[in-house]
Amino acid sequence: MSIVQFYFLFPALFMLHELEEIVWMPSFIKKISPQYPNNQILSYYTPFAFNTIVLEQFLILMTSLYLSYQFNNYSIYASIIIAYIYHVFGHLIQTIVIRKYVPGLLTGILTSLFALLQSQK
């Protein structure tokens, strides 16, 4: 697979990760909220708000892919993929800190490893 083919595959990998979060995040928030009663951020969480954020990120990803393709310059798009890989470390750190599986960790690790392997070719 060429790197450009991988770039076109990446939005599907990104959405696979996001779908895991969309499906499991509501029950995860309900489970951990009692453990952190003073956490103001958890009080603002709603599935609609989370899904809106996912949509916004997906639109940014698709817009950057389109522009990268049009101008044949993938440096910004590659930077977004790198940022995605770093964001998976956030899932890992959260899992370690709260000692519970955080939604998105498994798909984040798998898709990040795939992205890293593709970038080495």
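How much space lies in the second largest pocket? About 340 Å³ of space lies in the second largest pocket, and the paragraphs below lead up to this pocket through the chain as a whole.

The model is predicted, so local features need pLDDT of at least 70 and side-chain atom pairs count only at pLDDT 80 or more, while totals for chains, interfaces and linings use all residues. Residues are numbered from 1 along each chain as its sequence is written, and side-chain values use heavy atoms, with hydrogens and water left out.

The protein chain holds five helices and zero strands; helices (H or I, at least four residues) and strands (E, at least two) are DSSP runs, numbered from the N terminus. Along the sequence the pattern reads α-α-α-α-α. The C-alpha atoms fill a box of roughly 50 × 25 × 20 Å, taken along the principal axes. Of the 121 residues, 33% are buried, that is, under 20% relative accessible area with a 1.4 Å probe, protein chains only.

Two packed helices are described by the angle between their axes and the distance between the axes. Helix H4 (residues 75–98) and helix H5 (residues 105–119) pack at an angle of about 145°, with their axes 9 Å apart. Here axes are lines fitted to C-alpha atoms, for helices over the stretch in contact, and angles run from 0 to 180 degrees between N-to-C directions. Residues in contact (heavy atoms within 4.5 Å) include Ile-81, Tyr-84 and Val-88 in H4, which belong to a group that meets residues of H5, among them Leu-105, Ile-109 and Leu-116. By class, this contact of H4 with H5 has nine nonpolar, six polar and no charged residues; Ala, Val, Leu, Ile, Met, Phe, Trp, Tyr, Cys and Pro count as nonpolar, Asp, Glu, Lys and Arg as charged, and the others, Gly among them, as polar.

The pockets come next. On a 1 Å grid over the protein atoms alone, a pocket is an open set of points where a 1.4 Å probe fits, with protein on both sides within 12 Å along at least five of seven lines, and lining residues have an atom within 4 Å of a point. A volume is the space filled by probe spheres set on the points, which are joined across faces, edges and corners.

The largest pocket has a volume of about 460 Å³. Its lining has 18 residues, of which Met-25, Phe-28, Ile-29, Leu-42 and Gln-94 lie nearest its centre.

The second largest pocket is lined by 17 residues, with Phe-14, Glu-18, Ile-53, Gln-57 and His-87 nearest its centre. Helix H3 gives the most to this lining, with seven residues.

Notes:
Buried < 20%, exposed > 50% of the residue type's maximum accessible area, 1.4 Å probe, protein only.
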